[in-house]
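Hi everyone, thanks for making time.

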Amino acid sequence: LIYGGYLWGFFSATFLIPLYGGLFWKKATKEGAIASFIIGFITIISFMAININSNMHPAFFSVITSGISFYLVSMHFYNKKGIHNEN
């Protein structure tokens, strides 16, 4: 059961935000998806390696950092390309 939790946590940390962000957010960029995947992967591997004994699953922190990196990197490249700058 613990192994399954870590496996699904890995998939949610790496694929959830880029997949749904790319589908439902018009300002999503390829660079944002790649950064989100990498940051989510690094975060979940780090929390698994440290093995912090807390009540929170490592995927919780990983999905949050993945989402933040997806948003920030996508906005940076979206504004840099000048595509429909709505400010």
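Okay, so of the 87 residues in this protein chain, 26% are buried, where buried means under 20% relative accessible area with a 1.4 Å probe, counting protein chains only. Before I go on: this is a predicted model, where local features need pLDDT of at least 70, side-chain atom pairs count only at pLDDT 80 or more, and totals for chains, interfaces and linings use all residues. Residues are numbered from 1 along each chain as its sequence is written, and side-chain values use heavy atoms, with hydrogens and water left out.

What about the fold? You've got three helices and zero strands, running α-α-α from the N terminus. Helices here are DSSP runs of H or I with at least four residues, and strands are runs of E with at least two. The C-alpha atoms fill a box of roughly 45 × 20 × 20 Å along the principal axes.

Now, which residues make up the largest nonpolar core? Six of them: Ala 13, Ile 17, Ile 44, Ala 59, Val 63 and Phe 70. By core I mean buried Ala, Val, Leu, Ile, Met, Phe, Trp, Tyr and Cys residues joined through side-chain atoms within 4.5 Å. Helix H1 (2-24) and helix H3 (58-81) each supply at least two residues of this core, with H3 giving the largest share, three.

Let's zoom in on Ile 17. Leaving aside residues up to four places away in sequence, Ile 17 touches Ser 12, Gly 22, Ser 36, Val 63, Ser 66, Gly 67 and Phe 70, a contact being heavy atoms within 4.5 Å.

Terms used
Buried < 20%, exposed > 50% of the residue type's maximum accessible area, 1.4 Å probe, protein only.
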